[in-house]
Structures are given as C-alpha cells and as structure tokens.
Amino acid sequence: MEGQTLLAGRAYDSDELRKSLDERGAWANTKPMSNRKNVPAFSSYLYRYRNLVERFFNKIKHYRAVATRYDKTPDNFLAGVNLASLRIWMRFYESMT
C-alpha cells in the first residue's frame, strides 16, 4: 500500500529493507544503527508510537484465548481480540457514564 510507514527497531535497519519499502511507496522509520556512516531520515516523534503498539500487544497477550489462539476462524479470533481490547480500554476509562 502506498503511503505507509514501517515503525521498527534497530534490528530492521538495513539498506535492503529501506530499498524494498521505497519501491513499494512506503517509508522505513527505523532507528538507525549507531555505526551507520550515512544516517537516513528518522522521526523520533513517530517512533514513540511503536512503543504504544508494543505495549498494547503485551497487554492483549494476557488474555488466554488470544495468546493461544483457541478460535481457529479469522472472524472468531478477531472478535476475541476486539473483546480483549474493549476490556483493556474499559479498565482505563472506568468513569464512563
């Protein structure tokens, strides 16, 4: 898909990956390795969102049905992910009236 951004850690900082994404119309916002001579463009502002996504996946894995993938059909699994996400969201927004 055009216009997409890859948010990844330093392990994914390679010229091959950047070239492949560039050919597909995407941008790699990966933290550059410290030994790079030509440092590519990097947005620390966008990189913060990577942490939010990782923390969300960590929280969602605490729900056994999601972590072990009890539901084999994609629709049922997505419903389980949605249910777990809703429970996480409601825990932080208890004052819903």
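## Helices and strands

The chain's secondary structure consists of four helices and two strands. Here helices (H or I, at least four residues) and strands (E, at least two) are DSSP runs, numbered from the N terminus. Reading from the N terminus, the order of the elements is β-α-β-α-α-α.

Please keep in mind that this is a predicted model: local features need pLDDT of at least 70, side-chain atom pairs count only at pLDDT 80 or more, and totals for chains, interfaces and linings use all residues. Residues are numbered from 1 along each chain as its sequence is written, and side-chain values use heavy atoms, leaving out hydrogens and water.

## Overall shape

Of the 97 residues, 20% are buried. Buried means under 20% relative accessible area, exposed means over 50%, and partly exposed lies in between (1.4 Å probe, protein chains only). Now for contacts, meaning heavy atoms within 4.5 Å: among those with a separation of 6 or more, 23% join residues 24 or more positions apart.

## The nonpolar core

Let's look inside. The largest nonpolar core has seven residues: I60, Y63, V66, F77, V81, A84 and I88. Helix α4 gives the largest share of this core, with four residues. Such a core is a set of buried Ala, Val, Leu, Ile, Met, Phe, Trp, Tyr and Cys residues joined through side-chain atoms within 4.5 Å. Leaving aside residues up to four places away in sequence, V81 touches I60 and V66.

## Salt bridges

Side chains of opposite charge can pair when their charged atoms come close. A salt bridge is counted when a side-chain nitrogen of Lys or Arg is within 4 Å of a carboxyl oxygen of Asp or Glu, and the count comes to four. D13, D15, R18 and R36 are linked in a network of salt bridges. Within it, R18 pairs with D13 at 2.9 Å, N to O. R18 is buried at 14% relative accessibility, and D13 is buried too, at 10%.

R36 and D15 also form a salt bridge, with their closest N and O atoms 2.9 Å apart. R36 sits in the loop between β2 (27-30) and α2 (44-60), while D15 is in helix α1 (residues 15-23), so the pair ties together parts that are 21 residues apart in sequence. D15 is exposed, with a relative accessible area of 54%.

Another salt bridge joins R50 and E54, again with the closest N and O atoms 2.9 Å apart. Both residues lie in helix α2, four residues apart, about one turn of the helix. R50 is partly exposed at 21% relative accessibility, as is E54 at 44%.

## The surface

The chain exposes about 8000 Å², of which carbon and sulfur atoms supply 55%. Accessible areas come from the Shrake-Rupley method with a 1.4 Å probe; for residues, only the protein chains shown count as cover.

Which residues make the nonpolar surface patch of about 640 Å²? They are L83, L86, W89, M90, F92 and Y93. Patches are made of residues with over 30% relative accessible area and no salt bridge: like charges are joined within 9 Å, and nonpolar side chains (Val, Leu, Ile, Met, Phe, Trp, Tyr) within 5 Å. W89 belongs to helix α4 (residues 74-92) and is partly exposed, at 41% relative accessible area.
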